[in-house]
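Me: I would like to work through this structure with you, step by step, and ask about what I see.

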Amino acid sequence: MDLNSINIVGRLTKDCELSYTTGGTAVGKFSIACNRMKLKDNSVPVDYFDVEVWGKQAEALKQYLVKGKQVAINGRIKQDRWQGQDGKSHSKVSIVADTVQLIGGVKADAPQGQYQQPPQYQQGGFPNDIPF
């Protein structure tokens with residue numbers, strides 16, 4: 001049996017962008033930064049990951065997914081492959097989120113006044129009346 005699963009915690013590098021497929025399905029796209037352990041020289045390497053969240057969950061979370069917001073994501077890795085006009089093969093790896101949990105406030109250097117914690121999401125998870 002194969003397994004494709006990821007759990008990751010990071011901070012948004014910019015606000016979530018919401019768009020819709022031609023079939024009307026919402027898709028939210030954003031990028032997160034994840035700090036690694038400090039190195040001996042006290043530098044902290046950072047990894048960046050592109051994330052997609054789909055459907056009603058994307059619509060419900062869009063206003064709260066702002067730059068600097070810390071999130072926990074559970075999902076899977078997706079690899080897109082294509083051939084460019086130049087004939088070269090290209091590939092991109094991203095995360096498709098099954099769940100996105102709002103876990104922290106906004107980082108100190110994020111723009112002020114953009115984020116308001118929704119009361120129903122403060123404990124993590126979603127109310128039972130929102131179908132995902």
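Reply: Let us begin with a term: a nonpolar core is a set of buried Ala, Val, Leu, Ile, Met, Phe, Trp, Tyr and Cys residues joined through side-chain atoms within 4.5 Å. Please keep in mind that this is a predicted model.

Me: Which residues of the largest nonpolar core touch the most other members?

Reply: The largest nonpolar core has 20 residues, and the elements that give two or more residues to this core are β1, β3, β4, α1, β5 and β6. One of its residues, Ile73, is in contact with Phe30, Ile32 and Val100, among others, when neighbours within four places in sequence are left aside. The residues that touch the most other members are Phe30, Ile32, Leu65, Val71, Ile73 and Val100.

Me: Is Ser94 buried or exposed?

Reply: Ser94 lies in strand β6, which spans residues 89-106, and the residues that Ser94 touches include Asp50, Glu52 and Lys78. A residue counts as buried when its relative accessible area is under 20%. Because the relative accessibility of Ser94 is 6%, Ser94 counts as buried.

Me: Which residues are linked with Lys78 in a network of salt bridges?

Reply: Lys78 forms a salt bridge with Glu52, where the closest N and O atoms are 2.9 Å apart, and this pair joins strand β4 to strand β5 across 26 residues. Lys78 also forms a salt bridge with Asp80, with the closest N and O atoms 3.5 Å apart. The residues linked with Lys78 in the network are therefore Glu52 and Asp80.

Key. Residues numbered from 1 in each chain as written. Predicted model: local features only at pLDDT ≥ 70, side-chain atom pairs only at ≥ 80, totals over all residues. Heavy atoms only, no water. Helix = DSSP H or I, 4+ residues; strand = E, 2+ residues; numbered from the N terminus. Buried < 20%, exposed > 50% of the residue type's maximum accessible area, 1.4 Å probe, protein only. Contact = heavy atoms within 4.5 Å. Salt bridge = Lys/Arg side-chain N within 4 Å of Asp/Glu carboxyl O.
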